[in-house]
Amino acid sequence: MYRNLLICLLMATALTGCAKLEKVNHFLPAALAWFNQTEQELLAVGRPLTAEELEIAHKVGVSQPEKVRLVVRPDFPIPSDPQLRREAERLRLGSDWEGGRTMGYAILLKPEFATNRTMLTHELVHVTQIDRMGNEDFLKRYLIEMELLGYENSLMEKEARQVAGEAF
């Protein structure tokens, strides 16, 4: 009896995981187009890193820290496409909860985090991850981890929190 229950639970978990992966694959092309376009828009208006910020970027392994641009603003962009917007909001993008976000080589920080070195370091770790993977693979893995593990358990987020915590 317990064996059958365990098999049913494992099958349900696998099916749920497969459905979530299909969902990510469905939204990935539109999400990637939005991510890349938004990155370019932010790079055009962002400021270069200061000498101290460049030092942090070097420390966490950003390959080309001179390309990073920082944008401080009270709200962060969210997709205009209704379906993509719903998914972004479900992941809490654009919410008050979000204090920083990395989009390629563009880093967004809310004003209350503009001088927070730990938050900047966390976001620079995401730039390093993007260096390793490229925008598409980074975004796909990030979305899969959000779907399957959630923010707190995401391996990419854990890496960023760990490195930022060790740096300061």
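**A kinked helix and its surroundings**

Helix α4 has a kink of about 110 degrees, centred on G134. This is a predicted model.

**Helix α4**
- Helix α4 covers residues 117–148, which is 32 residues.
- Its end C-alpha atoms are only 29 Å apart.
- A straight helix would reach 46 Å, at 1.5 Å a residue, and α4 falls short of that.
- At the start of α4, N116 makes a contact: one of its side-chain oxygens comes to within 3.0 Å of the backbone nitrogen of T118.

**After α4**
- G150 follows α4 and has a positive phi, near 85 degrees.
- S154 sits in the loop between α4 and α5, and α5 spans 155–167.
- Is S154 buried or exposed? S154 counts as buried because its relative accessibility is 0%, and the cut-off for buried is under 20%.
- The side chain of S154 also reaches the backbone nitrogen of E157, at 3.2 Å.

**A nonpolar surface patch**
- Which residues form the nonpolar patch on the surface? They are L21, L148, L149 and L155.
- Together these four leucines have about 330 Å² of accessible area.
- L21 belongs to helix α1, which runs over residues 2–45.
- L21 counts as partly exposed because its relative accessibility is 33%. That value lies between the 20% limit for buried and the 50% limit for exposed.

Methods
Residues numbered from 1 in each chain as written. Predicted model: local features only at pLDDT ≥ 70, side-chain atom pairs only at ≥ 80, totals over all residues. Heavy atoms only, no water. Patch = residues over 30% accessible without salt bridge, like charges linked within 9 Å, V, L, I, M, F, W, Y side chains within 5 Å. Areas by Shrake-Rupley, 256 points an atom, 1.4 Å probe, with all protein chains shown as cover. Salt bridge = Lys/Arg side-chain N within 4 Å of Asp/Glu carboxyl O. Helix = DSSP H or I, 4+ residues; strand = E, 2+ residues; numbered from the N terminus. Buried < 20%, exposed > 50% of the residue type's maximum accessible area, 1.4 Å probe, protein only. Expected span 1.5 Å × (residues − 1). Bend = angle between axes of the 7 residues up to and from the residue. Polar contact = N/O pair within 3.5 Å; in protein donor to acceptor, adjacent residues only side chain to side chain.
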